[in-house]
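Trainee: I would like to learn how to read a model of this kind. Please take me through it feature by feature.

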Amino acid sequence: MPSVQVIQSIDNPGDTLWSNLLQAGVAVGIGLLVWLIVHYMIRGVVKHAMADRTPLSGRSMRWAGPMLRGIDPVIRALDHERRVQRARTIGSLLNSILTAVVAVVAVFYVLLAFDVDISPLLASVGVLGIAIGFGAQQLIRDFLAGIFITIEDQYGIGDVIETSEVVGTVEYLGLRITRVVAEDGTLWFLRNGEILRLGNRSKGSYRAPAEPPADAAADATSQAAAQAPAPIEPTESAD
């Protein structure tokens, strides 16, 4: 009967406390175990992606070595630092998401273990999340853009890119900003969410425009000066 259970819980408050602590400990232990397993899996994937391997180095592609011998040096010329940077960025992002999710779920289960009603807390968290989302729209936009730039490999460290603001070499690529060194040495900080149009000169077959020779430029300047109308000199009046 409910009344008997209430009386027993009142008579033995220590047993109820130890039971709650045991449930909370089990929730925290399971959360920590899940975090360690998934973190180890992410670490293994990142290490595999950072390894200096080429598609033709595996056993399954050795048969294509003689036919693709001319392509393999091009593949080996890929920037290893760029691949390492992408792997570290994606791994750091996945670890951050994993930590946040496991921590939130573990806290909720600990509160449930102590018979705390989490419905108002969930409602408050939802309202707070909506408020933060509206207040940090630009920040969230920058982070999402940085994630897609990294995953899609639009550009990386060492690439020469061209945007509507600057033309230069990428020095740093983060989830929020990109640092670019311009041709004149200026260090630009570009927010990823504001990069709407971008050209990667390192990926395509970009060719610098040919500059006219010095003699041709001098001849063009002299011809333009010769064709220019002579200035009209003021004349004195008869008075």
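Trainee: What is the mean pLDDT of the protein, and what share of its residues reach 70 or more?

Mentor: This is a predicted model, so confidence comes before geometry: where pLDDT is low, the predicted coordinates should not be read in detail. Here the mean pLDDT is 75, and 69% of the residues reach 70 or more. Residues 1-10 have a pLDDT below 50, and this stretch has 1 contact in the model beyond near neighbours in sequence. Residues 67-78 also stay under 50, with 6 contacts beyond four places in sequence.

Trainee: How many helices and strands does the protein have?

Mentor: There are 7 helices and 5 strands. Along the sequence they follow the pattern α-α-α-α-α-α-β-β-β-β-β-α. Of the 239 residues, 22% are buried. Among contacts with a separation of 6 or more, 56% are between residues 24 or more positions apart. The accessible surface comes to about 17,500 Å², and carbon and sulfur atoms hold 64% of that area.

Trainee: In what order do the strands lie in the sheet?

Mentor: The order in a sheet is read from the pairings. The 5 strands form an open sheet in the order 4-3-2-1-5, with antiparallel pairing. Strand 4 and strand 5 (198-200) are the edge strands, each pairing on one side only. On average, neighbouring strands of this sheet are turned by 40° against each other, direction ignored.

Trainee: How many bridges join strand 2 to strand 3, and how many pair strand 3 with strand 4?

Mentor: Strand 2 (residues 167-173) and strand 3 (residues 177-182) run antiparallel and are joined by 5 bridges. G168 has A182 as its bridge partner in strand 3, and the hairpin of these two strands has 3 residues between them. Strand 3 also pairs with strand 4 (residues 187-191) in the antiparallel sense, over 5 bridges. There, I177 has R191 of strand 4 as its bridge partner.

Trainee: Which residue takes a positive phi in the hairpin of strand 3 and strand 4?

Mentor: G185 does, with a phi near 95°, in a hairpin that has 4 residues between the strands.

Trainee: What does strand 1 pair with on the side of strand 2, and what on the side of strand 5?

Mentor: Take each side in turn. Strand 1 (residues 160-163) is joined to strand 2 by 3 bridges, antiparallel, and the two form a hairpin with 3 residues between them. Across this pairing E162 stands opposite V167, and I161 stands opposite G168. Strand 1 is joined to strand 5 by 3 bridges, again antiparallel. The bridge partner of I161 in strand 5 is N200.

Trainee: Which residues of strand 1 are on the covered face, and which on the uncovered one?

Mentor: In a regular strand the side chains alternate between the two faces of the sheet. In strand 1, I161 and T163 make up the covered face, while V160 and E162 make up the uncovered one.

Trainee: How does the span of helix 6 stand against the expected value, and which of its residues are buried?

Mentor: A helix can be checked by its end-to-end span and by its pattern of burial. Helix 6 (residues 137-152) has 16 residues and reaches 22 Å from first C-alpha to last, close to the 22 Å expected at 1.5 Å a residue. Its buried residues include D142, A145, G146, I147, I149 and T150. Just after helix 6, D153 takes a positive phi of about 55°.

Notes
Residues numbered from 1 in each chain as written. Predicted model: local features only at pLDDT ≥ 70, side-chain atom pairs only at ≥ 80, totals over all residues. Heavy atoms only, no water. Pairing = 2+ DSSP bridges. pLDDT = per-residue confidence, 0-100. Contact = heavy atoms within 4.5 Å. Axes fitted to C-alpha atoms, helices over the stretch in contact; angles between N-to-C directions. Expected span 1.5 Å × (residues − 1). Buried < 20%, exposed > 50% of the residue type's maximum accessible area, 1.4 Å probe, protein only. Areas by Shrake-Rupley, 256 points an atom, 1.4 Å probe, with all protein chains shown as cover.
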